[in-house]
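Please examine the sequence and the structure shown below before reading on. The explanation that follows is meant to be read with both in view.

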Amino acid sequence: MPVSIKTPQEIEKMRVAGRLTSEVLDYITPFVKPGVTTDELNMLCHNLIVDKQHGIPAPLNYAPDGHKPYPKSICTSINHQVCHGVPSNKALKNGDIVNLDITVIKDGYHGDSSRMFCVGEPSIQARRLCEITYQSLWRGIRAVKPGAYLGDIGHAIQSFVEPLGYSVVREFCGHGIGRRFHEEPQILHYGRPKTGLKLEAGMTFTIEPMINVGKAAIKHLGDGWTVVTKDHSLSAQYEHTILVTDTGFEILTVSDGCPPPPAP
Ligand code: MF3
Ligand code: CO
Ligand code: CO
């Protein structure tokens, strides 16, 4: 399937789905405290999406090739978990950092966004990782405009985090998004300027860098979903769904509770 260019009608639906997705993250923020289980966070988000937003939590039963169906409605990735952490009856504890990744389907279109949350008072190292990862997402976002290349996005992220001593996970990437959760193209979070696909207005995709304190290598846990750093170093991720506009970018996963953009 080629990369789709969304019509104005589709873009309006993506805005709605994106806002709902971001509003789930706003809603769940005060609940992310020591003692809460990730199952409880999952249930709260699930109920908001289904009962209040009249949407569908895209992860629930999502089964891409080679995977068993994902069993929960959100992803909760704690500390050295890189992505796709599965909610459980384990409680968050003081000092944890956790990524909550939300994908809402509304009127046939997807919004996909994730943020990091500090549980109590994490270490300075953990908080700095989250901060740098958020800044790296924005480096990527600011590279988006018609005529730019996918490699510009990856390079903006990689050239920012690696000199600071962090590493970029290679095995997972951002993705086109729309009627389907994961569409073409793949958005790598590393790369060389002026390489890869040229961006055009009307493309919609996610940018979602996974950044590690230690080495880039990852491994899969036996549950078939959870991904962790091989060296067990801390990992962080932020994600937005982006539209390429005539002049640059528009963030589709926006709401009042979004962390403010970092200084350029
Ligand atoms: N939300 C993730 C992404 O950003 C994908 C999660 S797939 C799931 O692409 F099945 F684990 F939910
Ligand atoms: Co995504
Ligand atoms: Co996501």
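This is a predicted model: local features need pLDDT of at least 70, side-chain atom pairs count only at pLDDT 80 or more; totals for chains, interfaces and linings use all residues.

Strand β4 (residues 97-106) holds D101, whereas E239 lies in the loop between β13 (235-237) and β14 (240-244), so the pair ties together parts that are 138 residues apart in sequence. Both D101 and E239 are buried.

The cobalt ion (ligand 2) is coordinated by D112 through OD, H175 through NE2, E208 through OE and E239 through OE, at 2.0 to 2.2 Å. The angles among its six donor atoms are 52 to 159°, and this site, too, is classed as irregular. The donor residues of the cobalt ion (ligand 2) are spaced D-x62-H-x32-E-x30-E in sequence. Among them, H175 in strand β7 (residues 174-176) and E208 in the loop between β9 (204-207) and β10 (210-212) are 33 residues apart, and this pair links distant parts of the chain. H175 has a relative accessible area of 5% and is buried. E208, at 8% relative accessibility, also counts as buried.

How far apart are the cobalt ion (ligand 2) and the cobalt ion (ligand 3), and which residue bridges them? The two ions lie 3.3 Å apart, and D112 is the bridge.

The aromatic residues are considered next. A search of the whole structure finds five aromatic pairs. One of these is formed by Y27 and F31: the ring centres are 5.5 Å apart and the planes stand at 50°, so the pair is tilted. Y27 is partly exposed, with a relative accessible area of 28%, and F31 is partly exposed at 35%. Y62 and F181 form another aromatic pair, with 4.7 Å from centre to centre and 45° between the planes, and this pair is tilted as well. Because Y62 lies in the loop between β1 (56-57) and β2 (75-78) and F181 in the loop between β7 and β8 (183-187), the pair ties together parts that are 119 residues apart in sequence. The relative accessible area of Y62 is 23%, and this residue is partly exposed; F181, with a value of 10%, is buried. A further arrangement involves a ring and a charged residue: R170 lies over the face of Y190, at 4.4 Å from the ring centre.

V98 lies in strand β4. Its relative accessible area is 0%, and V98 is therefore buried. Leaving aside neighbours within four places in sequence, V98 is in contact with V32, T76, S77, I78, L92, R115, M116, F117 and V119. The C-alpha atoms of V98 and S77 are separated by 5.4 Å, although the two residues are 21 residues apart along the chain.

K230 is placed in the loop between β12 (227-229) and β13. With 56% relative accessibility, K230 counts as exposed. K230 and S114 are 116 residues apart along the chain, and their C-alpha atoms are separated by 22 Å.

The last element is helix α3 (residues 124-142). At 1.5 Å a residue, the 19 residues of α3 should span 27 Å, and the end C-alpha atoms are 27 Å apart, which agrees. An α-helix has 3.6 residues a turn, so residues three or four places apart point the same way. The buried residues of α3 are A126, L129, C130, I132, T133, Y134, S136, L137, W138, G140 and I141.

Methods:
Residues are numbered from 1 along each chain as its sequence is written. Chains are lettered from A and ligands numbered from 1 in the order in which they are written. Side-chain values use heavy atoms; hydrogens and water are left out. Helices (H or I, at least four residues) and strands (E, at least two) are DSSP runs, numbered from the N terminus. Buried means under 20% relative accessible area, exposed over 50%, partly exposed in between (1.4 Å probe, protein chains only). Donors are N, O and S atoms within 2.8 Å of the metal (3.2 Å for Na, K and Ca); water is not among the atoms, so sites may look incomplete. Four donors count as tetrahedral if all angles lie between 85 and 135 degrees; four count as square planar and six as octahedral if opposite donors are over 155 degrees apart and all others between 65 and 115; anything else is irregular. Rings of Phe, Tyr and Trp (its six-membered ring) pair if their centres lie within 6.5 Å; planes under 30 degrees apart count as stacked, over 60 as edge-to-face and the rest as tilted. A charge sits over a ring if NZ of Lys or CZ of Arg is within 6 Å of the ring centre and within 35 degrees of the ring normal. Contact means heavy atoms within 4.5 Å. The expected span of a helix is 1.5 Å times one less than its number of residues.
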